[in-house]
Amino acid sequence: MGIRKKTTNKNPPVLSHEFVIQNHADIVSCVAMVFLLGLMFEITSKFAVIFITVQYNVTISTNEGSEETAVNHFHHGIKDLATIFFYMLVAIIMHAIIQEYVLDKLNRKKHFSKTKHSKFNESGQLSAFYLFSFCWGTSILLSENFLSNPVALWEGYPHTLMPFQMKFYYICQLGYWLHALPELYFQKTKKEDIPRQLVYIFLYLVHIAGAYVLNLNRLGLVLLVLHYFVEFLFHVSRLVYFSNENRQMGFTVWAVLFVVGRLLTLSLSVLTVGFGLATSESQGFNWAAGNFNILFVRITVLAAICLTQAFMMWKFINFQLRRWREHSQAQTLKKKQVPAKSKSKKDKANGVNGVNSHGADSPKARKEKSS
């Protein structure tokens, strides 16, 4: 009778931490499916539609020539929290799809170390999100003519009504950055990396939600598109660097555009909040009308933007100084290694020549010995 091998059960216990982490995408998909199935029944459809569709629509009639057309606009409200929650679930599912079908396959081919593995996954996820958000935001800016008419950033404030694309853009942005919080658990983020990621997640949520609630959605959209383009260049440059460490030109381009982006952000913020809203006719605080154009709010908004830009510049300078130190140390090591190698080669060559000319096997040495 043969010896029976022990079989190890690789499947973790149900509802354990490992089980949730391994199957979190399937679990979240089932939760999202519950809301979608709720649309099929009349009793639950009124409840499910709050999570899936954009709420608070207002129909405005416009006269274009002889025809009267109805245009739907939207404002924000408390029900948006339910919609943001649903699209947070969608973001978790999309995160898992990109991770499994794109990033994991590339990781297996490249055989990265643990440190590079986590950074590669982070840059891969963020570069896909930044590219998508930049293209989507740019299309909204072009369709609403905000780039050709910068005065529209503050003219007619408060901008309580938004087109569908702009409101849906903000909901998806808030849903994505909220999904980054549970992803810290799902991706088994290292303890030393959690504070750094919590800081930038918090900054994104505060600034995006602030622009959305304070009806500064037009300024927020412009600043987001500008910021996402610069961040996209950084993470693409990091992905290229991981594939070939000699390719660092992308970091140089990013460094220049990073400084330009900070200057443009400060200039647009001061122009819109400091001058445009300060000279606007709609002064005063009115929560019902969505008007927050008072001195305290303007100073708070400008202070938050300026402090964030200063914090980013401080991190940027530290990053550049660290890169410069690493580069200088690498150059110093190379200079020390090259003379040592050349000296050893020279000594070796001298030793060989000495043996050939004065060694025991040379003709001259044999003649001296015989004499």
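**Surface and burial**

Tutor: In this predicted model, Met-33, Leu-36, Leu-37, Leu-39, Met-40 and Phe-41 make a nonpolar surface patch of about 590 Å².

Student: What makes Leu-37 count as partly exposed?

Tutor: The relative accessibility of Leu-37 is 42%. Buried means under 20% and exposed means over 50%, with partly exposed in between; Leu-37 therefore counts as partly exposed.

Student: In which helix does Leu-37 lie?

Tutor: Leu-37 lies in helix α2, which spans residues 24-38.

Student: Which residues are buried in helix α3?

Tutor: Within α3 (residues 42-52), the buried residues are Ala-48, Phe-51 and Ile-52.

Student: How do you know that the buried residues of α3 line one face of the helix?

Tutor: Viewed down the axis of α3, the buried residues fall within an arc of 80 degrees, so they line one face. The face turned away from that buried side carries Glu-42, Lys-46 and Phe-47, which are exposed.

Student: What covers the buried residues of α3?

Tutor: The cover includes α2 and α4 (80-110).

Student: Why is Thr-308 called buried?

Tutor: Thr-308 has a relative accessibility of 10%. The cut-off for buried is under 20%, and Thr-308 therefore counts as buried. This residue belongs to helix α10 (residues 295-358).

Student: Which residues does Thr-308 touch, not counting residues up to four places away in sequence?

Tutor: With those neighbours set aside, Thr-308 touches Leu-203 and His-207.

Key
Residues numbered from 1 in each chain as written. Predicted model: local features only at pLDDT ≥ 70, side-chain atom pairs only at ≥ 80, totals over all residues. Heavy atoms only, no water. Patch = residues over 30% accessible without salt bridge, like charges linked within 9 Å, V, L, I, M, F, W, Y side chains within 5 Å. Areas by Shrake-Rupley, 256 points an atom, 1.4 Å probe, with all protein chains shown as cover. Salt bridge = Lys/Arg side-chain N within 4 Å of Asp/Glu carboxyl O. Helix = DSSP H or I, 4+ residues; strand = E, 2+ residues; numbered from the N terminus. Buried < 20%, exposed > 50% of the residue type's maximum accessible area, 1.4 Å probe, protein only. Arc of directions from axis to C-beta. Contact = heavy atoms within 4.5 Å.
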